[in-house]
Amino acid sequence: MGEEGTEGTVHLLCLAATSGVPLFCRSSRGGAPARQQLPFSVIGSLNGVHMFGQNLEVQLSSARTEDTTVVLLVGLEELTNIRNVERLKKELRASYRLIDSFLGDSELIGDLTQCVDCVVPPEGSLLQEALSGFAEAAGTAFGSLVVSGRVVAATESWWRLGTPEAVLLPWLVGSLPPQAARDYPVYLPHGSPMVPHRLLTLTLLPGLELCLLCGPRPPLSQLDPQLLDRWWQPVLDPLRACVPLGPRALPAGFPLHMDILGLLLLHLELKRCLFTVEPSADQEPSPEHRRRLLRAFYTLVTASHFPPEPGSPEKVEDAAQRSQVPRACYLVSGPEEPGMGWRLVALQSGPRRLLLLSAQSPTHALRGLATHTLHALTPLL
């Protein structure tokens with residue numbers, strides 16, 4: 001649904017469900033925000049198809065041509081009773097950076113896995129103790145440390161947040177421009193969709209932010225430098241060690257096999273994951289290509305090979321076939337000779353699922369490589 005020359009363009013279109021009024025349209029091309037917007041005539045045509053299908057109990061969710069994709073997002077029920085469209089459009093602008101980050105080529109993967117992107121700090125227990133003490137002193141049970149959109153440490157109450165907000169909150173923080181402090185209103189899709197909470201953020205070091213989720217109190221001014229120094233000055237060195245962890249996820253010096261070019265480790269019960277394409281960064285493919293390979297492989301193995309996530313309901317016939325469900329699978333792209341093409345392997349063990357990308361390992365060694373790596377990573381997540 002686009003004009004000639006819009007190759008690789010994705011448009012996200014949000015319409016009011018009843019009136020069809022366009023609330024916003026965000027565009028991405030090649031993983032980066034695009035200025036080209038959908039013409040109003042195309043928006044009107046899409047809305048007409050949507051309304052026609054609705055009368056037949058058919059929902060239009062997306063439309064494609066050879067070079068363009070348009071995704072239609074119909075608002076939540078609370079957004080359908082719109083009294084002032086222009087005011088709603090203005091309020092939705094606060095979400096544009098978050099929306100654009102989902103459309104772009106993000107270094108995160110929580111949007112796909114619905115698990116929180118995390119990193120493993122070298123002295124996590126010290127940071128956890130400081131965070132819990134600071135949050136209590138500030139009068140909230142919800143606190144986290146976030147580096148580049150990934151959670152370094154969090155209080156128990158923060159981890160108990162529902163899956164949508166647990167993934168979205170750090171992603172939101174990572175999508176915003178750098179700022180020393182923020183007092184940001186947020187609606188929690190699972191916990192509080194109608195009444196906003198306050199997301200307070202304080203930059204402890206460049207790229208490393210302290211986040212608090214709270215109600216009307218405390219005011220941001222109450223989080224003064226003296227309170228910050230009391231809890232964070234003693235752990236300044238561990239904080240500094242967290243800053244480069246963003247894209248790396250793992251502590252410096254963690255022993256990964258030299259054949260590994262990227263990995264994704266998920267804990268399906270905790271809903272947390274470690275994702276990195278930093279190993280052997282001087283080799284091909286590029287980090288962007290590695291991320292695309294792992295994302296596509298995750299989609300494949302989750303849809304086709306592995307059993308339902310722990311705690312999810314199963315049909316009787318599904319349960320009867322569990323003994324036949326594989327616990328490991330691999331994919332070879334290109335020639336099978338070492339150093340030619342790419343190899344992807346996935347291994348399921350209890351609540352953990354590991355995906356690896358390699359270029360050098362022979363096919364027969366992939367399962368051993370994955371088993372050894374999962375054993376080494378298990379204490380971390």
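1. Let's start with Glu288, which counts as partly exposed at 34% relative accessibility (buried means under 20% relative accessible area, exposed over 50%, and partly exposed in between, with a 1.4 Å probe and protein chains only). Its salt-bridge partner is Arg291, with the closest N and O atoms 4.0 Å apart; a salt bridge here is a side-chain nitrogen of Lys or Arg within 4 Å of a carboxyl oxygen of Asp or Glu. Arg291 counts as buried, at 6% relative accessibility. Both residues lie in helix H12, 3 residues apart, about one turn of the helix. Helices (H or I, at least four residues) and strands (E, at least two) are DSSP runs, numbered from the N terminus. Asp105 joins Glu288 and Arg291 in a network of salt bridges.

2. A word on the ground rules: this is a predicted model, in which local features need pLDDT of at least 70 and side-chain atom pairs count only at pLDDT 80 or more, while totals for chains, interfaces and linings use all residues. Residues are numbered from 1 along each chain as its sequence is written, and side-chain values use heavy atoms, with hydrogens and water left out.

3. Back to the salt bridges, of which the whole structure holds 9. One of them brings together the side chains of Arg26 and Asp100, at 2.7 Å from N to O. This pair links distant parts of the chain, with Arg26 in strand E2 (residues 22-29) and Asp100 in helix H4 (residues 96-103), 74 residues apart. Asp100 is buried, with a relative accessible area of 16%.

4. For the cysteines, a search of the whole structure finds 0 disulfides, a disulfide being a pair of cysteine sulfur atoms within 2.5 Å. The sulfur of Cys115 is 5.5 Å from the closest cysteine sulfur, in Cys273, which is too far for a bond. Cys115 is buried, with a relative accessible area of 0%, and Cys25 counts as buried at 14% relative accessibility.

5. Next, please look at Arg248, in helix H11 (residues 245-248). Arg248 is partly exposed, with a relative accessible area of 28%. Leaving aside neighbours within four places in sequence, Arg248 is in contact with Thr276 and Glu278 (contact means heavy atoms within 4.5 Å). Val119 is 129 residues from Arg248 in sequence, yet the two are 7.8 Å apart in space, C-alpha to C-alpha.

6. Two backbone points concern positive phi in residues other than glycine. Ala249 has a positive phi of about 70 degrees. This residue lies in the loop between H11 and E12 and counts as buried at 1% relative accessibility. Ser148 has a positive phi of about 50 degrees; its loop runs between strand E7 (142-147) and strand E8 (150-154). Ser148 counts as partly exposed, at 39% relative accessibility.

7. Finally, the cis peptide bonds. One joins Arg217 and Pro218, with omega about 5 degrees, and Pro218 is in the loop between strand E11 (208-214) and helix H9 (225-232). Another joins Glu284 and Pro285, with omega about 0 degrees. Pro285 lies in the loop between strand E13 (272-276) and H12.
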